[in-house]
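This report describes helix packing and a few side-chain arrangements in one protein model. The sequence and structure come first.

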Amino acid sequence: MLNRAQSYQSLEESLSTFCRRGCSPPQLVLKLVAAGAIIVLTIVNCLSVRLATTIQMVTLVVKVLALTVITLGGVVKLFQGHTENFDNAFEGTNTDVSSIGIAFYQGLWSYSGWNTELSNRGAETSRGLWSYDGWNTLNYLTEELKHPEVNLPRAVVIAISLVTGLYLLVNVSYLTVMTPKELMSSSAVAVTWGNKVLGSWGWIMSVAAALSAFGSLNGTFFSGGRVCFVAAREGHMPDILAMAHVHRLTPSPALIFTTVVSLLVLIPGDFQSIVNFFSFTAWFFYGITLSGLLYLKIKKPELPRPYKVPIILPILVIIVAIFLVLAPIIDDPQIEYLYVTLFILSGAIVYVPFIHYKLCPGLLTKLTVFLQLFLEVAPAEKNL
């Protein structure tokens with residue numbers, strides 16, 4: 001859901017570069033474009049798994065090529081002796097608890113679309129964990145992987161290592177080419193970098209940023225729909241979400257459901273509030289998930305485990321999750337945290353009476369049958 005919002009931010013930056021200097025595109029236009037991208041990818045993922053994976057591969061290539069260009073440009077500048085921007089690099093750094101927590105929140109996703117903007121909406125924060133969001137996406141697709149016990153750990157290690165290396169080099173390149181003042185004032189750092197290094201070809205970075213955000217959104221769609229699909233199959237959500245199209249074998253009801261939620265979040269919020277809103281929720285559930293893993297490792301060590309996680313890793317992640325959830329609230333309470341708490345509770349309000357206790361079963365059955373016929377879906381096998 002957040003990567004839908006992240007695409008909204010990247011589209012804002014990309015559209016801004018095509019306006020005259022000092023002109024910002026209207027918020028309504030930005031939200032309509034973002035909503036259009038969401039709807040287009042909903043249709044794509046509902047129609048064809050192959051088409052969705054093709055889009056993912058193409059945008060991945062664009063993303064890596066753009067990062068490579070930025071990295072090489074920075075290397076050239078370093079060899080030319082441009083190191084003045086690294087003098088007193090940490091001067092004026094904020095180290096209070098709230099700033100660190102919010103920095104992690106906003107850092108958690110900023111590079112999932114690789115655009116490392118430091119805009120006036122969040123210039124006071126650094127970008128960290130956002131760089132690596134996507135590590136959890138592949139886990140949602142475990143059922144559809146061949147030999148997951150081998151390929152999943154291998155993919156995670158290779159991907160995180162590659163992302164870490166690329167983003168460190170990209171940030172070195174940014175700091176080499178641009179002054180801290182330029183970084184702080186830029187609404188699209190990659191585009192500003194492109195204008196300074198590539199000259200008249202700087203617009204390429206804007207296009208690459210938009211395509212990268214589009215690919216990030218597509219990847220989240222592809223995996224996010226599977227989460228609802230499996231949750232419904234396990235009895236935690238309405239049965240209709242556990243069904244797949246009878247011909248295309250795509251979990252279209254689950255994809256449509258995530259689209260509706262995404263559009264509802266997109267309409268009232270701006271990027272900054274959506275980041276804080278969703279980051280709180282994400283790390284709350286990351287902490288619960290890792291607590292469950294820790295419980296199973298201690299209480300049920302006999303369970304079969306195709307691949308194992310060292311116990312120190314879930315412990316560290318639980319500690320980080322507790323910090324990221326509690327520190328910003330204690331140090332600087334904001335209304336977004338109340339909203340997200342109500343959002344989480346709203347799920348329980350629906351789940352307990354209608355899913356757990358199965359109130360109004362006749363109404364739910366009629367609705368399920370209607371949606372089955374309308375969407376041409378049926379209960380799916382374990383593997384799509």
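The model is predicted.

Two packed helices are described by the angle between their axes and the distance between the axes.

| Helix pair | Axis angle | Axis distance | Handedness of crossing |
|---|---|---|---|
| H3 (residues 49-79) and H7 (residues 189-197) | roughly 50° | within 11 Å | left-handed |
| H7 and H8 (residues 203-233) | about 155° | 7 Å | right-handed |

With a crossing angle of roughly 50°, H3 is oblique to H7. On the H3 side the contact is formed by Val69, Ile70, Gly73, Gly74 and Lys77, and on the H7 side by Ala190, Trp193 and Val197.

H7 and H8 pack at about 155°. Angles over 145 degrees count as roughly antiparallel, and the two helices are therefore roughly antiparallel to each other. In this pair, Ala190, Val191, Trp193, Gly194 and Asn195 of H7 meet Trp203, Met205 and Ser206 of H8.

Just after H7, glycine 199 has a positive phi of about 65°.

**Threonine 71 in H3**

Threonine 71 is located in helix H3. Is this residue buried or exposed? Threonine 71 has a relative accessible area of 11%, so it is buried. Leaving aside residues up to four places away in sequence, threonine 71 touches Leu166, Leu169, Val170 and Ser173.

**Aromatic side chains**

How many aromatic pairs does a search of the whole structure find? The search finds 4. One of them joins phenylalanine 370 and phenylalanine 374: the ring centres are 6.1 Å apart and the planes lie at 10°, so this pair is stacked. The two residues are 4 apart in helix H13 (residues 361-375), and about one helical turn separates them. An α-helix has 3.6 residues a turn, so residues three or four places apart point the same way.

Phenylalanine 370 counts as exposed at 52% relative accessibility, and phenylalanine 374 counts as exposed at 60%.

Arginine 226 lies over the face of phenylalanine 222, at 4.2 Å from the ring centre.

Definitions and conventions
Residues numbered from 1 in each chain as written. Predicted model: local features only at pLDDT ≥ 70, side-chain atom pairs only at ≥ 80, totals over all residues. Heavy atoms only, no water. Phe/Tyr/Trp six-rings, centres within 6.5 Å; stacked < 30°, edge-to-face > 60°. Buried < 20%, exposed > 50% of the residue type's maximum accessible area, 1.4 Å probe, protein only. Lys NZ or Arg CZ within 6 Å of the ring centre and 35° of its normal. Axes fitted to C-alpha atoms, helices over the stretch in contact; angles between N-to-C directions. Parallel < 35°, antiparallel > 145°, perpendicular 65-115°, else oblique. Left-handed = near helix turned anticlockwise from the far one by under 90°. Contact = heavy atoms within 4.5 Å.
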